[in-house]
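Please read this briefing alongside the sequence and the model. It goes by topic, with the definitions placed where they are needed.

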Number of protein chains: 2
Amino acid sequence: MTAPKPSLELLRALTDENVLRVLMAHDRLTRAEIATRTGISKPTVSESVQRLEQARLVVDTGERTTGRGRVGSYYALAPHAGTALVASITPHGVVAEAVDARGRTHGQVRTALHADAGQEAAAEALGAAAARLDGRSAGPLRLAVVSAADPVDRATGRLVHLPDAPFLVGALDPPAVLADTVTGPVLVDNDVNWAARAEYEHGCVQGVDDFVYLHLGEGLGCAVVGDGVVRRGHGGLVGEVAHLYTAGPDGQAMAFTEVFAALGLRRNPSTAVDVPKLLDVLEASDARAERVRLALAHAIGGVLSAALAFADPRTVVLGGPWGSHPRLIAAIEEHLARSPRSVPLSAAALPLPELTGARARAVEELGSLIVRDAHPTTQW
Amino acid sequence: MTAPKPSLELLRALTDENVLRVLMAHDRLTRAEIATRTGISKPTVSESVQRLEQARLVVDTGERTTGRGRVGSYYALAPHAGTALVASITPHGVVAEAVDARGRTHGQVRTALHADAGQEAAAEALGAAAARLDGRSAGPLRLAVVSAADPVDRATGRLVHLPDAPFLVGALDPPAVLADTVTGPVLVDNDVNWAARAEYEHGCVQGVDDFVYLHLGEGLGCAVVGDGVVRRGHGGLVGEVAHLYTAGPDGQAMAFTEVFAALGLRRNPSTAVDVPKLLDVLEASDARAERVRLALAHAIGGVLSAALAFADPRTVVLGGPWGSHPRLIAAIEEHLARSPRSVPLSAAALPLPELTGARARAVEELGSLIVRDAHPTTQW
DNA sequence: ACCTTTAGGCAAGACTCCTTACTAGACTGC
DNA sequence: GCAGTCTAGTAAGGAGTCTTGCCTAAAGGT
């Protein structure tokens with residue numbers, strides 16, 4: 001039911017958007033190249049470039065074409081059109097970078113955190129990183145996209161604590177921390193959701209519009225991609241599988257997180273999974289380790305039965321410090337083979353996937369902001 | 001990333017779309033009324049109406065305005081612009097109707113089926129109903145929207161049989177059955193999904209963009225609405241909760257459908273739930289019935305824990321022959337109160353919800369078809 | 001030295017939408 | 001019964017956009 005009111009202003013806006021978008025994809029182009037790439041006629045492109053140059057969204061780079069024919073001028077997006085902040089926050093540290101609308105990274109800042117650093121340290125590191133990147137880049141930081149290793153409230157962007165969840169980063173309010181440095185919106189989401197986006201765009205499930213990404217690490221998380229988009233649900237808590245009923249070591253129904261308590265795989269007194277111990281179990285070959293592996297496969301099989309029922313994925317991607325272990329995947333596959341419904345598994349493989357996914361969103365969003373700059377009042 | 005190529009043809013198409021859409025919402029309007037309602041100027045509207053009249057998409061109804069001022073002519077969508085077939089197929093019978101782009105129903109056909117009628121009877125009833133409605137309506141049947149009480153393959157529109165599911169209607173291929181009568185696409189989906197759409201638009205969850213609709217009847221089904229749209233997943237099998245792990249009567253993990261076997265609530269030898277017997281249990285007040293109710297609440301609580309983990313609904317709607325029973329809802333609420341995460345419940349109340357939901361989709365789709373008629377080559 | 005190629009500019013034309021002004025007809029009030 | 005008022009629709013003119021086609025300038029190839 002899309003039907004914007006027709007007007008000549010709309011046409012002009014559309015032309016400018018086409019020009020801006022092609023400049024976001026190609027970093028420097030002559031007017032003639034823009035015309036052929038967009039399919040718009042040369043005179044129209046010329047007018048548009050003139051408008052956008054006057055609006056300081058596009059600049060003549062000073063470079064000139066070489067080769068046969070008349071020399072042409074290369075145009076590009078104005079460097080001061082702004083950049084976006086991309087940040088990833090985990091209990092181990094903060095990684096932040098600035099990206100422009102072309103998708104180029106303009107500097108990266110890493111800050112290590114102690115495991116028991118607490119939330120103030122995380123907030124401070126995030127703020128400091130943003131300030132440094134803001135000072136270093138040509139334009140303002142127009143928006144921020146933040147990845148956090150905890151559940152995120154969809155309405156406020158704040159990190160939330162769920163019962164029996166490890167709360168690795170702790171209470172943090174990224175929009176508040178970044179309000180002074182970033183001029184526009186601050187988008188926050190769970191690291192697993194961003195990782196899923198990265199796998200969708202650059203990883204092992206390209207072109208698969210419906211899949212589930214199960215992250216198994218200290219915390220237990222999951223992302224659901226439906227119709228090509230990461231689904232967040234009402235509160236942003238899609239993928240919080242800790243309290244999902246599944247099968248425990250002796251076949252009794254229990255919450256997924258309780259399975260690790262029952263198997264002695266928690267890092268007491270917290271509710272976090274003891275990853276080193278779990279990896280030992282996956283490597284060991286004694287009978288007890290085999291029993292634990294079976295129990296894990298059974299429990300994860302239960303989680304996957306829920307994924308099948310509520311997300312109907314084409315594939316399930318397993319990631320996280322122990323989620324992509326081949327022996328675990330083999331055990332789960334064996335379990336699935338005996339189940340009434342099955343689903344193919346694959347292992348996640350991208351490095352820093354949450355940063356990749358967040359970066360993609362940042363570029364997309366920055367592009368939309370710049371397009372809106374050109375025609376602030378036009379809406380469609 | 002929407003950026004259609006600007007052109008004058010696009011503008012004209014947009015004008016025509018605005019005019020058509022407002023005529024779909026108001027059934028008869030003068031040119032002046034169209035102008036004020038769309039915000040487009042009178043001369044432009046006049047041109048558009050002339051074009052659309054020539055294209056036989058709009059007609060002068062012959063009616064004239066009364067009251068002060070010059071008499072105006074009322075225009076309306078052409079009756080032969082076509083209608084859409086809406087059909088619901090359950091083991092008890094077929095209900096079919098024709099709707100026009102205004103959303104008006106143009107006749108309903110009901111065919112009762114015996115419980116053991118088989119799939120040929122269903123196919124025949126559907127085909128016959130379509131033929132009768134086709135003959136009765138002014139224009140052609142341009143598309144069909146079918147609701148079926150079984151899982152539907154998203155790619156083909158065929159009904160599919162899942163292990164341990166009752167397969168109430170049986171193997172049926174609505175696109176094939178309707179290919180001769182319906183000139184355009186045939187959209188098929190599960191009755192629960194259509195019912196969820198009806199509740200979203202006219203029922204108890206209006207404005208709630210994320211909810212889950214749990215249908216409890218002979219079969220066990222579920223619909224997931226995320227960001228305002230019914231989610232279907234890769235194969236269209238979102239909501240098939242029969243094999244979801246949950247808690248059985250004695251606390252052991254088992255598939256949801258097995259719970260009914262364990263409780264003796266199946267209509268042997270099928271896997272369908274014995275609804276009358278279950279309703280008896282909900283009405284009875286002896287200790288055994290109380291135990292069964294607790295077990296049901298526990299099992300459904302497990303299903304809801306999966307819904308929370310994978311859909312994060314704002315509300316859960318309970319529907320179906322026994323799903324909206326107050327005593328069941330009370331038992332589930334009591335169970336949820338003791339759970340780490342909870343969610344509000346509400347009871348479905350619409351009559352024939354699957355037909356309402358399917359009708360809404362049919363009207364929407366028919367509108368898009370008619371708009372495309374006006375400008376077949378323009379795309380956005 | 002001449003031809004070819006290419007970026008960019010210019011002019012003309014077609015088209016769309018809008019504003020303003022006008023006409024035709026019918027009701028209202030005296 | 002008549003003048004005034006109100007409204008649907010039309011006509012004319014203007015502003016703006018896109019496209020086609022042609023031209024010029026400058027560089028490379030032959």
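The model is predicted: local features need pLDDT of at least 70, side-chain atom pairs count only at pLDDT 80 or more, and totals for chains, interfaces and linings use all residues. Residues are numbered from 1 along each chain as its sequence is written, while chains are lettered from A and ligands numbered from 1 in the order in which they are written.

**DNA surfaces**

- Around DNA strand D there are 31 residues, of which Arg70(A), Arg31(B), Gly69(B), Arg70(B) and Gly72(B) come nearest; a residue is near a molecule or strand if its C-beta atom, placed from the backbone, lies within 6 Å of it.
- Helix H1 (8-26) and helix H3 (42-54) of chain A, with helix H2 (31-38) and helix H3 (42-54) of chain B, each supply at least two residues of the surface near DNA strand D. Helices (H or I, at least four residues) and strands (E, at least two) are DSSP runs, numbered from the N terminus.
- DNA strand C has 30 residues around it, and Thr30(A), Arg31(A), Gly69(A), Arg70(A) and Gly72(A) come nearest.
- Two or more residues of the surface near DNA strand C come from each of H2 and H3 of chain A and H1 and H3 of chain B. H1(B) gives the most, with four residues.
- By class, the surface near DNA strand C has eight nonpolar, 13 polar and nine charged residues.

**Relation and contact of chains A and B**

- Chain A superposes on chain B by a rotation of 180 degrees with 0.0 Å of shift along its axis, at RMSD 0.1 Å. That is the relation of a two-fold axis. The superposition is by least squares on the C-alpha atoms of residues with pLDDT of at least 70 in both copies.
- The contact takes 45 residues from chain A and 45 residues from chain B, two residues being in contact if their C-beta atoms, placed from the backbone, lie within 7 Å.
- On the side of chain A that touches chain B, helix H9 (287-311) of chain A gives the largest share, seven residues.
- That side of chain A has 22 nonpolar, 13 polar and ten charged residues.
- The copies meet through the same surface, because 100% of the interface residues of chain A are also interface residues in chain B.

**Helix packing in chain A**

- H1(A) and H3(A) pack at about 80 degrees, with their axes 10 Å apart. Axes are lines fitted to C-alpha atoms, for helices over the stretch in contact, and angles run from 0 to 180 degrees between N-to-C directions.
- H1(A) is therefore roughly perpendicular to H3(A) (65 to 115 degrees).
- Among the residues in this contact are Val19(A) and Leu20(A) in H1(A) and Val45(A) and Leu52(A) in H3(A).

**Sheet in chain B**

- Five strands of chain B form an open sheet in the order E5-E4-E3-E6-E7, with mixed pairing; two strands pair if DSSP finds at least two bridges between them.
- The twist averages 15 degrees from one strand to the next.
- E3 (residues 83-90) and E6 (residues 141-148) of chain B pair in the parallel sense over seven bridges. Ala84(B) stands opposite Leu143(B) in E6(B).

Terms used. Ala, Val, Leu, Ile, Met, Phe, Trp, Tyr, Cys and Pro count as nonpolar, Asp, Glu, Lys and Arg as charged, and the others, Gly among them, as polar. Angles under 35 degrees count as roughly parallel, over 145 as roughly antiparallel, 65 to 115 as roughly perpendicular and the rest as oblique.
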